[in-house]
Amino acid sequence: MRDYSVFDIVGPIMIGPSSSHTAGAARLAKVAATIADGKIIKAEFLLHGSFAETYKGHGTDKALAAGILAMEPWDERLKDSFKVAAEQGIEIIFTPTDLGEVHPNTVKFILTKEDGSVSNITGSSIGGGNILIFDIDGQEVAFTGKNPTLLAQYRDLPGVISKVSSVLYEENINIANMRVYRDGKGKTATMALEADSMITETVTEKIRNIKEMNSVQSINPVVEGVF
Amino acid sequence: MFASSGEELVKICNDNHIPIWEYAIREEVIRSEASRPDVIENMRRTLHVMMDSSTYAQDQQVTSVSGLIGGDAYKIKMYADKGITLTGGFLNRAMARAMSSSEVNAAMGRIAACPTAGSCGILPAVILSAGEKLDKAEDELINALFTASGVGIIIAKNATLSGAEGGCQAECGSAAAMASAAVVEMMGGTPEQALTAAAIVIKNILGLVCDPVAGLVEVPCAKRNVAGTVSALTTADLVLSGVSSKIPFDEVVGAMYKVGRQMPVELRETAQGGIAITPTALKFKKEIFKDE
């Protein structure tokens, strides 16, 4: 039997009309933008299933654009996100599509950054404002962002995981769960590590300094009520 | 861990001589490892969002993103203010509040999901209207939200709060059940009476399908928030008069879950049945999504 917080039941505070189509969409896009790691100049959204069919009526489009602009799901500027994106010179494109056998509320983000590099991230809004990111640049992953998450891409060599866990141990951060995905032995590996407490920028930087690391980002859960 | 059933909840409350809201606060403090004042402050923020959402669309006419609904909360308020109503100013103001939050939600305004965005009108309308009538201080309104959450947790554990899983009975039905229980405690009723109110509300809405026109949280959702509000308020009076539920709360929740499971998928938020496939609804759908 699942355990609930009172704030799972009365809450979250959010911009309507739909926790899955609006709040979850904003959250997905915010996490995707964090993963992309860089100033985004163009965001294309490939919308699947229910997202493709009803995105205008639910404001899913505005919520996705808002997330790219790092707005939170309860930010009242969310409905004006197109205007804000235009002011910041960010190009926004929506393309209804079929992404195959995935959750009905799924979106693939194609995010172009200032330096010309492109990040492809796919995730679903799985209900109640909760999300699941399951593909980053073709690498299969699975994380919800509910707990503080460290996302690292590195060269798959012996001892890297132990270096990461040493840093966390020094900083007194407990690992809740951890998954490692890789292209092949000795190639690029992706680690999604969920922790029990916030992963600060200092900790992220220490992990970034491990020599096998290609890229490291921390995604901390949004703290509600900061408005 | 929070009580697993209504029976266990009532027993814990009775053994410790505390209301449901006090138990819910204590459990949240343990669960979240936050301080009691922080937990209460968090709920106060939620209450303030509810106060805004339940007022906003009464003072100005708002329009939903699709253009399908809007302006009704304003109408109800005007009507209530004129003073010539059948069911009185109290019930009409409560209806206006429920409609306001629902319209704000559909217009991409800020709301507190309780338990869902689609049913976000009921709890604020019930708590704020009862609180106003009974002249309750803000802290007591916050307590009422904890009562409501406590009851909601039991429903979530044993059934579902999602329209996609259980139909509207699970969303607006649960919201109204939570709200009615909260008002009963606010009026001095026992934890057992609170759950009796929740049971009666769910029995009266059992089987309600989720059939959103064009798949949007607008028609018939907003008016179902109004209906749920009225049911929650009148049921509180019913229970405080001494009326009991022949079927206990836990069994009613179990029945609600089973009914949800028995509902065809067409009647669970997919917009493929019920009101959503009436000729007029299909016409609205076509107009709204004509560009896509």
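1. Pairing between the chains. In this predicted model, strand 1 of chain A pairs with strand 1 of chain B, residues 110-112, in the antiparallel sense. Three bridges make up the pairing. One position can be picked out by eye: Ile15(A) stands opposite Arg110(B), which belongs to strand 1 of chain B.

2. On the chain A side, 32 residues are in contact with 43 residues of chain B. Three elements of chain A give two or more residues each to this side: helix 1 (6-9), strand 1 (13-15) and helix 3 (50-54). By class, the chain A side holds 14 nonpolar, eleven polar and seven charged residues.

3. Division of chain A. Chain A is split into domain 1, residues 13-137, and domain 2, residues 149-219. The centres of domain 1 and domain 2 of chain A, taken over C-alpha atoms, are separated by 26 Å.

4. Contact between the two domains. Five residues of domain 1 of chain A are in contact with five residues of domain 2 of chain A. On the domain 1 side, helix 2 of chain A, residues 19-36, gives the most, with three residues. The residues on that side of domain 1 of chain A comprise three nonpolar, one polar and one charged.

5. The four-stranded sheet. Chain A has an open sheet of four strands in the order 9-10-8-11, with antiparallel pairing. Strand 9 (175-182) and strand 11 (213-219) of chain A are the edge strands, each pairing on one side only. From one strand to the next, the twist averages 15 degrees.

6. A pairing within the sheet. Strand 8 of chain A, residues 149-155, and strand 10 of chain A, residues 188-195, pair in the antiparallel sense over seven bridges. Here Leu151(A) stands opposite Ala192(A) of strand 10 of chain A.

7. Helices on the sheet. Helix 6 of chain A, residues 160-170, packs on the sheet and touches strand 8, strand 9 and strand 10 of chain A. The direction of helix 6 makes about 155 degrees with that of strand 9 of chain A. Helix 7 of chain A, residues 201-208, also packs on the sheet, touching strand 8 and strand 11 of chain A. For helix 7, the angle with the direction of strand 11 of chain A is about 165 degrees. Strand 8 of chain A is therefore a point of reference for both helices, being touched by helix 6 and by helix 7 under the contact cut-off of C-beta atoms within 7 Å.

Methods:
Residues are numbered from 1 along each chain as its sequence is written. Chains are lettered from A and ligands numbered from 1 in the order in which they are written. This is a predicted model: local features need pLDDT of at least 70, side-chain atom pairs count only at pLDDT 80 or more; totals for chains, interfaces and linings use all residues. Domain bounds come from an automatic or database domain assignment. Ala, Val, Leu, Ile, Met, Phe, Trp, Tyr, Cys and Pro count as nonpolar, Asp, Glu, Lys and Arg as charged, and the others, Gly among them, as polar. Two strands pair if DSSP finds at least two bridges between them. Axes are lines fitted to C-alpha atoms, for helices over the stretch in contact, and angles run from 0 to 180 degrees between N-to-C directions.
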